[in-house]
Amino acid sequence: MILEVRELSFSYGKSEALKNVSLGLSAGEILCVMGPNGSGKSTLIDSIMGIHKPASGSILLSGRELRSYSRQELARQASYVPQNHSVTFPYTVREAVMMGRTAYVSAFGEPPESDGVFAEDAMKRVGISELADKSYGGISGGELRLVLLARALCQGSPLMLMDEPTAHLDYRNELRFLETVRSLAIEDGKAVLISTHSPVHAFYFASRGVPTGAIFLKKGAVAARGEPDDIITAELLEEVYGVRARILESDGEKTVLLQNSL
């Protein structure tokens, strides 16, 4: 198993953000973590990245306790696609993608020529090769998300963590992003944990042959977990999000139709 979270709890001061959360993720699987704002999704990802120290419980990466990893070792195990990202320096897209190789370079070393090959392959895989020489700060928001995905792919880690990566993307770029993630699981055996507000994403991956799990958080605790077709119901969405919805299916594809809030 690539990732195992056991009875994880974490608090911001007196505010409990995660309450005995457990989950597992193996190579070639996608786990969609869902829940309303403030339910603990980002806190969970931050904890797996080692940013937060758990109040109790444990996190294992490839069977080894997270706390035993150095920062460089952790970067070789897990890559990250953030929800928000600020472009500070005028790097080219190629240079930004190559930053994914930082975990393999010593403090005073220079990246080998082979790292350029990793970057070119990652950009080709994500479909952004034509952007390679453009300014990192001069591309669209949708293109930037794809660059961040290419950077994470270039990192070469078995686990990929994504925090609402499709937020604000148009339909074309959202589909492009989801298809790339699907191929990373199916073809490369990546373990992908993706935080999302859209249950449709879980249906999408599952309908395309990816072993897909879904877990819903509510006020820091697990409200439901299982396969998307089994647990994503109108009743669960009402319980977790406080909305009335219908699950519609056509030609083997499921979607969610929101009706109204409670």
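At what angle do the axes of helix α5 and helix α6 cross, and within what distance do they come? The views below start with this pair, taken from a predicted model.

**View 1. Helix α5 beside helix α6.** Helix α5 covers residues 141–154, and helix α6 covers residues 171–188. Their axes cross at roughly 10° and come within 10 Å. Angles under 35 degrees count as roughly parallel, so α5 is roughly parallel to α6.

**View 2. Residues where α5 meets α6.** From α5 come Gly-142, Arg-145, Leu-146, Leu-149 and Leu-153. They meet Asn-173, Arg-176, Phe-177, Thr-180 and Leu-184 of α6. Sorted by class, this contact has five nonpolar, three polar and two charged residues.

**View 3. The open sheet of six strands.** The strand order is β6-β7-β8-β3-β9-β10, and the pairing is mixed. Strands β6 (78–81) and β10 (221–226) stand at the edges. Each has a single partner strand, so one side of each is left without a neighbour in the sheet. On average, neighbouring strands are turned by 15° against each other, direction ignored.

**View 4. Strand β9 paired with β10.** Strand β9 spans residues 212–218. Its pairing with β10 is antiparallel and runs over five bridges. Leu-217 has Val-222 in β10 as its bridge partner.

**View 5. Helices α1 and α9 across the sheet strands.** Helix α1 (residues 41–48) lies across β3 (30–34), β6, β7 (159–163), β8 (191–195) and β9. This helix runs at about 150° to β7. Helix α9 (residues 234–241) lies across β3, β9 and β10. Helix α9 runs at about 35° to β9.

Key. Residues numbered from 1 in each chain as written. Predicted model: local features only at pLDDT ≥ 70, side-chain atom pairs only at ≥ 80, totals over all residues. Heavy atoms only, no water. Pairing = 2+ DSSP bridges. Helix = DSSP H or I, 4+ residues; strand = E, 2+ residues; numbered from the N terminus. Axes fitted to C-alpha atoms, helices over the stretch in contact; angles between N-to-C directions. Contact = heavy atoms within 4.5 Å. Parallel < 35°, antiparallel > 145°, perpendicular 65-115°, else oblique. Nonpolar A, V, L, I, M, F, W, Y, C, P; charged D, E, K, R; others polar.
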